[in-house]
Amino acid sequence: MAELTTYRQAVSDGIAREMRRDSSVVCLGEDIGAAEGVFKTTTGLFAEFGPERVWDTPISEQAIVGAALGAAMTGIRPVAEIMFSDFFACCYDYLANEIPKMRYMTGGQVTVPLVIRTANGGGLGFGAQHSQAVENWVFTVPGLKIAAPSTPADVVGLMASAIRSDDPVIFFEHKGLLASKGELAPPDHVVPLGEAAVVRPGDDLTIVALASTVPTALSAAEQLAGEDISVEVVDLRCLVPLDAKAVLSSVARTSRLLLVEENPYQGGWGATVASIVADEGFELLDAPIRRVAAECVPLPFADALEDVVIPTVDKVVDAVRRLATF
Amino acid sequence: MTVSEDTSIRVDAGRLLEWYEEMALIRRTEKAAYDLFMSGEVKGTTHLAAGHEAVAVGASAALREDDYVFATYRGHHHAIARGATPAECLAELMSKATGLCKAKGGSMHLTKADKGMLGSYAIVGSHLPIAAGAAWSAKLRGTDQVAVAFFGDGATNIGAFHEAMNLAAVWKLPVLFVCENNLYMEYTPIASVTSVPNPAADRAAANGLPAEIIDGNDVVIVHDTVKVAVERARAGDGPTVIEALTYRQYGHSRADPAKYRPADEVERWMQRDPLRIARDRLTSLGVGEADIDAADARVAQVVDAAVQEARDAPFPDPAQALTDVWADGGAVWRN
């Protein structure tokens with residue numbers, strides 16, 4: 001049996017592998033050095049690479065991503081951490097106006113090889129300002145690549161691609177997955193940006209999922225197998241580039257599509273995927289496209305309330321049953 | 001911290017004449033930009049830097065070719081001071097394919113990356129952390145390059161200014177924060193919306209940084225001040241804040257006549273025109289009027305030719321709209 005590791009450890013491992021192979025990779029963020037990150041996702045980096053390559057910053061999100069941008073424009077490959085993805089709002093100018101527009105506005109004069117990592121999503125009971133899934137905040141901005149892995153091996157493989165990319169990449173690490181375990185990535189493991197994975201083949205219905213909703217979808221699929229409903233689960237792994245072909249080719253086999261996303265229904269990434277399939281795959285469908293997304297409210301604190309808001313296995317199972325009999 | 005009024009300034013006459021010509025080139029280009037805006041050949045907006053020339057030229061003269069400069073949406077003077085030609089600047093303003101940014105940026109985003117002019121930023125204050133990052137990069141790479149962020153007085157009240165200054169101080173970065181204090185944030189007197197009299201310099205102390213308040217209309221003073229700060233930065237002694245007092249000769253943007261400024265204030269500052277100050281100093285150094293006029297004539301010729309060149313240039317191929325998003329040159333976000 002392959003060696004197992006945690007998603008959390010895979011983050012540090014993925015960064016460390018790139019720092020070993022490329023001395024221009026430098027990390028910065030709050031509490032990432034000797035403290036090894038509030039989520040322990042930078043464990044061992046400070047000890048191995050020292051203060052010249054792992055920089056603790058003040059609580060200054062604009063300075064963190066702004067400085068990372070300036071460094072990326074001038075020969076460094078910065079890996080910046082924004083502790084909670086909710087704090088993207090504190091530096092949204094850089095995410096929406098500076099980083100994604102730099103190459104375009106200058107007519108291609110400037111290159112921005114930059115990674116911004118962040119702990120995203122709910123499930124840990126941190127309340128409304130530390131639990132949101134904000135993929136849609138960045139998905140709405142042209143010029144950012146977006147990765148959101150669901151397994152430890154994909155964390156390592158996508159981290160390699162993100163750090164090696166000459167384009168800015170937003171890298172979502174899901175808080176609810178940090179303790180989850182999976183196979184250790186083999187040496188030199190690289191997962192290209194923009195390649196979805198069929199993580200469970202099936203015939204009756206396609207679920208497209210991302211990050212935390214992948215294990216949710218897999219649990220639902222397992223339960224539905226007992227009811228003779230064969231569900232295919234596609235892990236998008238990235239939002240940009242978006243592997244629309246993988247979605248369309250799965251729907252071509254199953255003719256039914258359910259999108260499961262943790263960001264709110266209102267403006268969530270599933271709406272864009274649904275519009276592509278409606279536009280380019282309408283004749284493939286035997287049922288309406290459905291979405292299980294977060295309710296359009298702030299994330300509540302109590303588990304009993306949070307479960308009402310974010311996608312759960314029960315909600316996915318229920319949606320699949322209704323779609324399967326449409 | 002007092003305004004420098006050192007009368008014992010020494011400068012080589014030949015060098016000062018070069019600076020004068022550079023400032024005159026900027027002035028004439030800004031005049032052309034204004035005329036082209038009024039005639040409808042420049043669309044959108046412009047924020048002209050006429051009056052601010054000494055800051056750009058004096059600072060640029062104190063920098064190395066491989067140093068980095070970050071400017072604001074009022075940044076034409078910095079692009080030209082770093083080596084962009086009036087023709088490529090005006091072509092950009094006129095939406096032409098030969099523009100500095102292939103007409104994708106416009107007046108507010110002039111950039112000349114191969115000369116270290118790493119952009120003009122139109123979100124107030126946003127480039128201060130970016131400049132700090134370029135300085136951090138120089139420190140990481142051990143190149144002893146310096147980064148300079150030029151910004152207006154209005155930028156001193158936005159969060160990024162304070163975050164950048166603290167980070168640069170803590171990390172001892174080789175960066176200069178140069179405020180072009182022209183007394184107005186857009187249309188409002190900066191004094192009426194700022195808690196301290198010197199919006200940039202007074203904030204430096206809060207971050208443990210040295211500050212200089214200087215006559216930003218005297219190119220020699222600007223050069224000499226920036227030179228000292230650059231040497232300090234290169235030596236590893238960290239950032240300096242420079243507050244250069246200057247004045248806009250046009251309004252805030254577009255065709256703004258700036259009627260909110262008292263006439264006597266305008267008159268006082270027009271007496272302190274940076275070109276006039278440089279010309280007087282040249283004369284006192286024994287440079288003949290004819291030599292100075294010859295510089296003006298050369299500049300007129302260059303800018304007139306630049307206007308014609310920009311007019312003659314083609315508009316961009318519409319297909320260019322869907323390029324330059326990604327490093328592969330394209331804009332494809334899905335398969």
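**Reading the two chains, term by term**

Me: Of the 219 residues in the largest nonpolar core, B:Ala131 and B:Ala132 touch the most other members. What makes a set of residues a nonpolar core?

Reply: A nonpolar core is a set of buried Ala, Val, Leu, Ile, Met, Phe, Trp, Tyr and Cys residues joined through C-beta atoms within 7 Å. "Buried" asks for 20 or more other C-beta atoms within 10 Å of a residue's own (exposed is 12 or fewer, partly exposed is in between, and C-beta atoms are placed from the backbone). Helix H1 (residues 13-38) of chain B gives the largest share of this core, ten residues. The core also takes at least three residues from each of domain 1 (4-183) and domain 2 (197-324) of chain A, with bounds from an automatic or database domain assignment.

A word on the model: it is predicted, so local features need pLDDT of at least 70 and side-chain atom pairs count only at pLDDT 80 or more, while totals for chains, interfaces and linings use all residues. Residues are numbered from 1 along each chain as its sequence is written, and chains are lettered from A and ligands numbered from 1 in the order in which they are written.

Me: Which residues does B:Ala132 contact, leaving aside its neighbours within four places in sequence?

Reply: Contact here is C-beta atoms, placed from the backbone, within 7 Å. By that test B:Ala132 contacts A:Ala63, A:Ala67 and A:Gly70 in chain A, and B:Ala164, B:Leu167, B:Ala168, B:Leu173 and B:Val175 in chain B.

Me: How many residues of each chain are in contact with the other?

Reply: There are 39 in chain A, facing 37 in chain B. On chain A's side, H3(A) supplies the largest share, eight residues. By class, the chain A side has 17 nonpolar, 15 polar and seven charged residues (nonpolar: Ala, Val, Leu, Ile, Met, Phe, Trp, Tyr, Cys and Pro; charged: Asp, Glu, Lys and Arg; polar: the others, Gly among them).

Me: What makes the phi of A:Ala211 and of B:Lys102 worth a look?

Reply: Most residues other than glycine have a negative phi, and most peptide bonds are trans. A:Ala211 has a positive phi of about 50 degrees, and B:Lys102 has one of about 55 degrees. A:Ala211 has 28 C-beta neighbours inside 10 Å and therefore counts as buried. B:Lys102 has 21 other C-beta atoms within 10 Å, so this residue is buried too.

Me: Which form, cis or trans, does the peptide bond from A:Val240 to A:Pro241 take?

Reply: That bond is cis, with omega near -5 degrees. A:Pro241 lies in the loop between strand S12 (238-240) and H9 of chain A.

Key. Two residues are in contact if their C-beta atoms, placed from the backbone, lie within 7 Å. Helices (H or I, at least four residues) and strands (E, at least two) are DSSP runs, numbered from the N terminus.
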